[in-house]
Every structure is written in C-alpha cells, then in structure tokens.
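Subject: Structure handover

Hello,

Here is the structure I promised to pass on. Please open it next to this email while you read.

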Amino acid sequence: DGQYDYKNVKRWSKQVPGKDLFKLDKVFFPINQGQMHWLCACAFITEKRIEVYDSMGSPGQKYLKCIFQYLQDDYKDKK
C-alpha cells in the first residue's frame, strides 16, 4: 500500500529470462493489500493490456496505474 518508486522495483526484471520483460507474453504481479488480502494483476505484454483480478471485487485502479508506470519506467531504463 506504499507509494510507487521505480528505484525500489527496478531490480524486478533482472530475474526475467533473457533480462527483457518485453519479450514475455505476460507478467503476473501478486499484490498484498494491507497484510490481509491478496489480489493478482497480469500485464499481457503482447496485447498491451493490464488486468487486475480480485476476489473481493475491487477494480484495482491504483494498482493498474502503478503497474503501467512501472512498465513505462522499465522500458525507458532498459530500452
């Protein structure tokens, strides 16, 4: 539930095979909400689409924005 800061997450894509996130078909983001609830987001890279899956029905707008910003920042940093 903290604030997005690319420097805190830029290492995430170092574990990707080939070290290029954008050559993958999809990327899953497990998200813990308030140490009590888990939801999942998926970035469909080839389709240029992000979806949030939450069993509690939250649309996950703030997570969509953060993931979209992360993908943009990672692209700028690595490409």
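Below is what I found in it, topic by topic.

**Ground rules**

This is a predicted model, in which local features need pLDDT of at least 70 and side-chain atom pairs count only at pLDDT 80 or more, while totals for chains, interfaces and linings use all residues. Residues are numbered from 1 along each chain as its sequence is written, and side-chain values use heavy atoms, with hydrogens and water left out.

**Confidence**

pLDDT is the predictor's confidence in each residue, from 0 to 100. The protein has a mean pLDDT of 90. Of its residues, 97% reach 70 or more. Helices (H or I, at least four residues) and strands (E, at least two) are DSSP runs, numbered from the N terminus.

**Strands**

E1 and E2 run antiparallel and are joined by eight bridges. Two strands count as paired if DSSP finds at least two bridges between them. Phe29 stands opposite Ala41 in E2, and Pro30 has Cys40 as its bridge partner there. E2 also runs antiparallel to E3, residues 49–53, through five bridges. In that pairing, Cys42 stands opposite Glu51, and Ala43 is partnered by Ile50.

How enclosed is E2 by the rest of the structure? Six of its eight residues are buried, so E2 is largely enclosed. The cut-offs are under 20% relative accessible area for buried, over 50% for exposed, and partly exposed in between (1.4 Å probe, protein chains only).

**Turns and positive phi**

Most residues other than glycine have a negative phi. These positions are worth a look:

- The E1–E2 hairpin has three residues between its strands, and Gly34 takes a positive phi near 60 degrees there.
- Gln35 is in the loop between E1 and E2. Its phi is also positive, near 60 degrees, though Gln35 is a residue other than glycine. Gln35 is exposed, with a relative accessible area of 74%.
- The E2–E3 hairpin has four residues between its strands, and Lys48 takes a positive phi near 55 degrees there.
- Lys19 lies in the loop between H1 and E1. Lys19 is not a glycine, yet its phi is positive, about 55 degrees. Its relative accessible area is 55%, so Lys19 counts as exposed.

**Core**

A nonpolar core is a set of buried Ala, Val, Leu, Ile, Met, Phe, Trp, Tyr and Cys residues joined through side-chain atoms within 4.5 Å. The largest one has 16 residues. Those with the most contacts inside it are Leu21, Phe29, Ile31, Ala41, Ile67, Tyr70 and Leu71. Two or more residues each come from H1 (6–9), E1 (26–33), E2 (37–44) and H2 (61–78). H2 gives the most to this core, with four residues.

What does Leu21 touch, beyond residues up to four places away in sequence? Leu21 touches Ser13, Val16, Val27, Ile45, Tyr70, Leu71 and Asp74. A contact means heavy atoms within 4.5 Å.

Tyr75 is also found in H2. Tyr75 is partly exposed, with a relative accessible area of 45%. Tyr75 and Phe22 are 53 residues apart in sequence, but 7.9 Å apart in space, C-alpha to C-alpha.

**Pocket**

The largest pocket has a volume of about 630 Å³. On a 1 Å grid over the protein atoms alone, a pocket is an open set of points where a 1.4 Å probe fits, with protein on both sides within 12 Å along at least five of seven lines. Grid points are joined across faces, edges and corners, and the volume is the space filled by probe spheres set on the points.

H1, E1 and H2 each supply at least two lining residues. E1 gives the most, with six.

Best wishes

Key:
1 Å grid on protein atoms, 1.4 Å probe; cavity = no way out; pocket = protein on both sides within 12 Å on 5 of 7 lines; lining within 4 Å.
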